[in-house]
Amino acid sequence: MWVVGAHKKSYHAALLSAEGERLQFSTPADPHGLLEKLYALGVKIPSLAHERGPTGYGLAWTRQEHRVPVIVAATGKIPRPVSASGKTDRLDAMRLAKFLAKGMLKNVIIPTRDEHGLREFERRR
């Protein structure tokens, strides 16, 4: 399972395989560049998840165009740790990968580009 921490300037990716192998990397925030890097690694991409956030749905739409199963996790439904441990993008991506592997992420409905445009228009009225 691949998980991506999507931010305005960069993506932090984490892979947690069924065998427990871990792989992590960072890349500039470019949806096509991210998929190219994942394909270059030569690993199968069973699904790709990221937290819903201010970066919008561009990453999800790109993945749908490439026929990669998409999970956009509802931020408010992601379990949060009780302890005040360190939070970094790298650790956050691996934590999300573990939740995805356990089926603990709740998917939001990804609007089409037209639906999203209409929502943005309505908000600004």
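**View 1. E65 is partly exposed, with a relative accessible area of 48%.** Here, partly exposed lies between buried (under 20% relative accessible area) and exposed (over 50%), using a 1.4 Å probe and protein chains only. This is a predicted model, in which local features need pLDDT of at least 70, side-chain atom pairs count only at pLDDT 80 or more, and totals for chains, interfaces and linings use all residues. Residues are numbered from 1 along each chain as its sequence is written, and side-chain values use heavy atoms, with hydrogens and water left out. The partner to look for is R113, which joins E65 in a salt bridge whose closest N and O atoms are 2.9 Å apart; such a bridge needs a side-chain nitrogen of Lys or Arg within 4 Å of a carboxyl oxygen of Asp or Glu. This pair connects distant parts of the chain, 48 residues apart, with E65 in helix α2 and R113 in helix α4 (residues 113-124). Helices (H or I, at least four residues) and strands (E, at least two) are DSSP runs, numbered from the N terminus. R113 is also partly exposed, at 46% relative accessibility.

**View 2. A network of salt bridges links E120, R123 and R124.** Follow E120 to R123 and you will find their side chains meeting at 2.3 Å, N to O. These two residues are three apart in helix α4, so about one helical turn separates them. E120 also forms a salt bridge with R124, where the closest N and O atoms are 3.5 Å apart. Being four residues apart in helix α4, E120 and R124 are likewise separated by about one helical turn. R123 is exposed, with a relative accessible area of 54%, and R124 counts as exposed too, at 67%. The count of salt bridges comes to four.

**View 3. Strands β2 (residues 10-16) and β3 (residues 22-28) run antiparallel and are joined by seven bridges.** Two strands are taken to pair if DSSP finds at least two bridges between them. A handy landmark is A14, which stands opposite Q24 in β3. The two strands form a hairpin with five residues between them, and G20 in the turn has a positive phi of about 90°.

**View 4. T27 belongs to strand β3 and counts as buried, at 11% relative accessibility.** Leaving aside its neighbours within four places in sequence, T27 is in contact (heavy atoms within 4.5 Å) with S10, Y11, L34 and K37.

**View 5. Five strands make an open sheet in the order β3-β2-β1-β4-β5, with mixed pairing.** β3 and β5 (70-73) stand at the edges with a single partner strand each, so one side of each has no neighbour in the sheet. On average, neighbouring strands of this sheet are turned by 20° against each other, direction ignored. Axes are lines fitted to C-alpha atoms, for helices over the stretch in contact, and angles run from 0 to 180 degrees between N-to-C directions.

**View 6. Helix α1 (residues 31-40) lies across β1 (2-6), β2, β3 and β4 (48-51).** Its direction is at about 145° to β3. Helix α2 (residues 58-65) also packs on the sheet, touching β1, β2, β4 and β5, and makes about 165° with the direction of β5.
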